[in-house]
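Dear colleague,

Please find below the sequence and structure that I am handing over to you. My findings follow directly after it.

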Amino acid sequence: MRPGARLLGVTAVAAALAWWTCADRPEPPEFGGVAPPFELLDLAGETHRLSDFAGKVVVLNFWATWCPPCVEEMPSLQRLEDELGPEGLAVIAVSVDERYGDIAPFVEEHGLRFLVVHDLGKRVSRRYEVFQFPETWLIGRDGRLVSRIIGARDWAAPESLQVFRRLLDTPAASD
């Protein structure tokens, strides 16, 4: 076989592989776009879908038990849901821990009552293009992506509560 023909064959295979990989990849999340759907298990083994929270403001927090800033912000996420949950806000904490067994003791130790789900294999965090922990996406009542926050925050600080109250005042999309 001629050297040029071999290179052409290798190039064709590489191009076909690149096309196949990219063709199967979903679009990246965009602000103002619909939040990518997901289905994950909670610590009791029950399935939860993002669609279960239609009409709510969702705080989708990607975290891990081994991440100090994640640990630091957990109490404020709980205070946020305690304060605004009755008004239609839901906190969903998506753990990216490798070991499922690390999550439940952490949740119990910190007295967390909001929904904690496990992203085994980081499938959902990859879909949301999470690259640093903690990372949080805010989803409006209409199911659209409002904001992405990288790093820990005091979610129950007065200025944060003010932002969430504005989001809660925005009506969900009508059918």
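How do the residues lining the largest pocket divide into nonpolar, polar and charged? Please note that the model is a predicted one. The lining comprises 9 nonpolar, 4 polar and 3 charged residues. In all, 16 residues line this pocket, and its volume is about 200 Å³. Nearest to the centre of the pocket lie Leu50, Ser51, Ala54, Asp142 and Gly143.

As to the overall architecture, the protein chain contains 5 helices and 7 strands. Read from the N terminus, these elements follow the order α-β-β-β-α-β-α-β-α-β-β-α. Of the 175 residues in the chain, 42% are buried. The chain exposes about 10100 Å², and 57% of that area is supplied by carbon and sulfur atoms. When contacts between residues at least 6 apart in sequence are considered, 69% of them join residues at least 24 apart.

I then turned to the aromatic side chains, where 6 aromatic pairs are present. One of these is formed by tryptophan 63 and phenylalanine 106; the pair is tilted, with 5.0 Å from centre to centre and 35 degrees between the planes. Tryptophan 63 belongs to strand S3 (residues 57-63) and phenylalanine 106 to helix H3 (residues 103-109), so this pair ties together parts that are 43 residues apart in sequence. Are these two residues, tryptophan 63 and phenylalanine 106, buried or exposed? Both are buried.

Another pair involves tryptophan 66 and phenylalanine 133. Their ring centres are 6.0 Å apart and their planes stand at 90 degrees; because planes over 60 degrees apart count as edge-to-face, the pair is classed as edge-to-face. Tryptophan 66 sits in the loop between S3 and helix H2 (68-84), while phenylalanine 133 sits in the loop between helix H4 (123-127) and strand S6 (135-139), so the pair ties together parts that are 67 residues apart in sequence. Tryptophan 66 has a relative accessible area of 55% and is therefore exposed, the cut-off for that term being over 50%.

Finally, which residues do ring pairs link into a cluster? The members are Phe38, Phe62, Tyr128 and Trp137.

With kind regards

Terms used: Residues are numbered from 1 along each chain as its sequence is written. This is a predicted model: local features need pLDDT of at least 70, side-chain atom pairs count only at pLDDT 80 or more; totals for chains, interfaces and linings use all residues. Side-chain values use heavy atoms; hydrogens and water are left out. On a 1 Å grid over the protein atoms alone, a cavity is a set of points where a 1.4 Å probe fits but cannot get out, and a pocket is an open set with protein on both sides within 12 Å along at least five of seven lines; lining residues have an atom within 4 Å of a point. Grid points are joined across faces, edges and corners, and a volume is the space filled by probe spheres set on the points. Ala, Val, Leu, Ile, Met, Phe, Trp, Tyr, Cys and Pro count as nonpolar, Asp, Glu, Lys and Arg as charged, and the others, Gly among them, as polar. Rings of Phe, Tyr and Trp (its six-membered ring) pair if their centres lie within 6.5 Å; planes under 30 degrees apart count as stacked, over 60 as edge-to-face and the rest as tilted. Helices (H or I, at least four residues) and strands (E, at least two) are DSSP runs, numbered from the N terminus. Buried means under 20% relative accessible area, exposed over 50%, partly exposed in between (1.4 Å probe, protein chains only). Contact means heavy atoms within 4.5 Å. Accessible areas come from the Shrake-Rupley method with a 1.4 Å probe; for residues, only the protein chains shown count as cover.
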